[in-house]
Structure formats: C-alpha cells, structure tokens
Amino acid sequence: MSQWSQVQQLEIKFLEQVDQFYDDNFPMEVRHLLAQWIESQDWEAASNNEPMATILLQNLLIQLDEQLDRVSQEKNLLLIHNLKRIRKLLQGKYHGNPMHIAVIISNCLREERRILAAASMPVQGPLEKQLQNSVVSERQRNVEHKVSAIKNSAQMTEQDVKYLEDLQEEFDFRYKTIQSLEQGDKNSVLMKQEMVMLQEMLNTLDYKRKEVLNKMTQVINESDVLMNNMLLEELLDWKRRQQIACIGGPLHSGLDQLQNCFTLLAESLFQVRRQLEKLDELLTKLTYDGDPILLQRPHLLERVNFLLYNLFRSSFVIERQPCMPTHPQRPMVLKTLIQFTVKLRLLIKLPELNYQIRVKATIDKNVSTVSNRRFVLCGTHVKAMNMDESANGSLSVEFRHLQPKEMKSSAGSKGNEGPQMVTEELHSISFETQVSLYGLTVDLETSSLPVVMISNVSQLPNAWASIIWYNLLSKDSQNLGFFNNPPTATLSQLLEVLSWQFSSYVTSLFSNTTTSATQLSIANCLLILSK
C-alpha cells in the first residue's frame, strides 16, 4: 500500500494535520493524482542536486500532461481547468529554481511519515494517551515545521551564493579585459561606456552581497531561536519522560523525531558555514571600501560555530539507561562485578561521523565528597559510535560488557556496605568523546541518571526504592546529593508509581483495559504491604 493510501485512511484529526502543509506551493491534487510516481522519486537527494531536481521537475510536468490527456478524454471540465492552472503555476514558480520544489515535496513526504507514525502509536490507557498527546504536541509540530523552513531557507541562500559567484566571475572577466587594453583604447567612448557598465555591475554585486548576508543572518537568527527556545525544551521533556518510563511509567518515545530535527538543523548550519567560506573566497578576489562581506562575515561565522558547538553538545544523550540484563525491570541498580548495558546516541546523524567518534566510559568522574565508596569500570570502556548497531540506523553505541568494581579503602577493607548506606548513595556513569567535522572540534560529555551500587542481591529492593524515589521527585538528572535532604512524595504520587510497578509485572495476566479504579485498589494494597 502506498504512503498516500495509508494517509487517506487516517482519522479526521490526523487528516487535518496533513491538510495544513499542502498549499499552492505543492497542491494536494498533484499529490493525489501522482501518488505512486512521487513516492518512487528521491526528492531529498534532488533538494541538494540541481541537475537532478531539474529532471524531476520536467518529469513532474510530463506526468501532469499525461493526466491532462486522460481527464480530457473523460471530459471532466473542472479537473481539466484545475490541472491546467496547477501546471502553469508549478512551471512558472519553479522553472528557475527546481531545487525549491524538491525541498517542498521532500518535506511533505517526511511530514506524512511523521503523522503516520504518530497515528500508529499504541494507546493502552490514560497515561499512555497522555504521553502520546505530549509526543505529538503542538510545540513539537512547530519545531519540525520551523526546522524544515530553516532547511528550505538555507537551500535558497545556496542558489543566491551561486548567482553571486557567477556575477562576480563576469565582472572579473570584463574588468581584466579592460585592464589588458592599450592606454589609447581605454580613453575611447566605447571603453568609457564599458566603465560605466562595470560600475553598475559593482553596485549590483554590492547589493547582492548585502542581500545574501541578510538572508544568512535571518537563517542564523531563526536557528538560534529554534534551538534555545523550542528544540532544547523538547529534549528536556524527552529526558523527563525517560525518567518516568524507567520506573515503570508510560513508554517514552520521540527520540527519532528529535534526531530528525537536530540533524536537519545541523545540516542547515553547516550549509550556511560553507556559504560563508564561499563568500571568503569571493572576498579574496574582489573587495572594496564598505565591503559587507569584510564587515559581517567574521561575526556570522562565529555565531554559526557557536550554534553548532551547542547543538552537538546537546545532541549527545543516553538512549537507554544503565541496566543489568538479569534485572531488565530494575534499571540504574548495578551490582558489583556484574555486567550491565547502556546505550548512547548522537542525535546529529551525519554519514561522515560513522565510526569516527570514540566514546569513553568512566564512573564518578569529578565526584569526591558525595559518596564514601569508590568504583572503577572493568571491561571494554572505549567504543566507537556507528550506524550499524541500531535498527533505525541512528548513530549510536552500546556498551554491553561494563561492570563496576569497588576499590578497597585505605584501611584495606571495602567501604561500608550496610543497606542504608548502599541504597542512599548515588553514583554517575559518565561518557565523553570528541567530534571533529569540517574544521569544527567539539568535546562532548553526558552522564547517566544516578545509579545505586549494590554488592548483594538482598540489597536490590531497597536500592530500587531509592531509584523510584529519586526519579519520581527529581528532575535534576545529576543531583547525586539528593538523599542528603530527600523531598516527600504525596500519596497520589506514591499510588501512581506503585500502580506502574504492579502493572509492569502483571501485563501477562491482566488485559490493557484494566480500569483506573482497579489499578488504584491494587496500588492501595501495595502501599499497605510496603509499610
């Protein structure tokens, strides 16, 4: 079944979302009539390849002509009129810029896939439904639309830079031609006219340089606002959902959507960075008093590098928190000398980074006063990120053979391992690496949610209680001193988390339609038993 056929079967609330991004830039009539052909073309590749985009635009118009022949035989006057209008509109709008329509169609297809994914997300109860609403929130849709708009603007600026380059080459040629003439020829009327023409070209060059720099400034400003006001907020929301999911709450998702946004924004910023480098090349060939490139380029390049630096630092995340394979429902509780797994992802997925990023794992880095116990990590603690280990091709790395080992105290014996001390001491697994790409070097570091170390399985219940308490009540992912002054939980919070815990263990016995009242009764029983 084609993607468009799947879209047409969506509920009305999702169809309304689809309707929002089809307009005269790419009419829905074309999407409907040419559905299979459109989906069989590589519009994303064409958005970066002008010859390919030109061919696709020509083929699109040919496909519309074939549809016109078909409906003409059927004598459908209204459809004939609409198709003629649409064909004329598309040809006039994109004839001089075929990459623009490739960008638009690519974005539309991507939006359809996102909506189909959101519509297929299982809803198993009120908590899961609440999570789904959060994942497809209005803010997230705005983020994705704005990222696509920034990508589109960067593509358009690319064409402006190319035009500027061609214009300057023509100016250089005509200027050098005049310079090569004899002095007598330079005083001729014809040469004076040529000099006037050159001055006009120089004025046009100056105007175009200012125009291109203004467009770049706009892309940079929009990227800055998007990243700091919206994209990082979405990332913080995802991290909080991950915390809740780790203690049995509703399943969390949305990381793939964040990766798409981070990647597109990084690609756009790198594209602007290359455009600034191209302007620098033009500057070495021609400059003049008041040259806008000379005045504005250094500041714009500094801003782009700063945005890329912060974007990369924010994109290094823990996709799956530390967990012993023997206790998959008890993440963040680790037993000494027992292997645990942890998975990391870089949300900026660029092929150039595949196998180029080596991640190092450490424990309790820079922690000297929070805990009385000291640990080291045994096993393979340095691995390269790649796109082969994950099902969706994300740039990730999974450590499968790490195990914590407690260091002996100065007295020659292990530290205090009493249940109270063990379960209220929090530790942190840290990961660091360095990204070097296109002359930009960024040091990255991220840490797991706090973990509890145990030396005996009998300590597991108390340790898990500490993990629940921390993740239920703390949004600070690195508050290792949490239990120095732990906050209290409300009864409703405790009932909810106990309900999550029970539900995670009895899904095989109870259906997903278990009522909230039943869950509340179960939680009350668990609360009594826990006293």
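**Ground rules**

I am working from a predicted model in which local features need pLDDT of at least 70 and side-chain atom pairs count only at pLDDT 80 or more, whereas totals for chains, interfaces and linings use all residues. I number residues from 1 along each chain as its sequence is written, and the side-chain values use heavy atoms, with hydrogens and water left out.

**Confidence**

I began with pLDDT, the predictor's confidence in each residue, from 0 to 100. The mean for the protein is 83, and 85% of its residues reach 70 or more. I then asked which element has the lowest mean pLDDT.

**Salt bridges**

Side chains of opposite charge can pair when their charged atoms come close. I counted a salt bridge where a side-chain nitrogen of Lys or Arg is within 4 Å of a carboxyl oxygen of Asp or Glu, and the structure holds 20 of them.

I looked up Asp-65 and found a salt bridge with Arg-87, in which the closest N and O atoms are 2.6 Å apart. This pair links distant parts of the chain, since Asp-65 is in helix H6 (residues 50–74) and Arg-87 in helix H7 (residues 77–94), 22 residues apart. Asp-65 has a relative accessible area of 29% and is partly exposed; buried means under 20%, exposed over 50%, and partly exposed in between (1.4 Å probe, protein chains only).

Next I took Arg-209 and Asp-291, whose side chains meet in a salt bridge at 2.7 Å, N to O. Here, too, distant parts of the chain are linked: Arg-209 is in helix H12 (residues 189–246) and Asp-291 in the loop between helix H13 (255–285) and helix H14 (292–315), 82 residues apart. Both Arg-209 and Asp-291 are buried.

In helix H13 I found Glu-281 and Lys-278, three residues apart, about one turn of the helix, and their salt bridge has its closest N and O atoms 3.2 Å apart. Glu-281 is partly exposed at 43% relative accessibility, and Lys-278 is partly exposed at 24%. I also noted a network of salt bridges that links Arg-31, Glu-39 and Glu-112.

**Aromatic pairs**

I paired rings of Phe, Tyr and Trp (its six-membered ring) if their centres lie within 6.5 Å, with planes under 30 degrees apart counted as stacked, over 60 as edge-to-face and the rest as tilted. The count by this rule is nine aromatic pairs. Tyr-22 and Phe-26 form a tilted pair, 5.8 Å centre to centre with 45° between the planes, and both residues are buried. Phe-270 and Tyr-438 form an edge-to-face pair, at 5.1 Å and 80°. Where do Phe-270 and Tyr-438 lie in the chain? Phe-270 is in helix H13, and Tyr-438 is in the loop between strand S8 (429–437) and strand S9 (440–447), 168 residues apart. Phe-270 is buried at 3% relative accessible area, whereas Tyr-438 is partly exposed at 41%. Lastly, I noted that ring pairs link Trp-4, Tyr-22 and Phe-26 into a cluster.

Conventions
Helix = DSSP H or I, 4+ residues; strand = E, 2+ residues; numbered from the N terminus.
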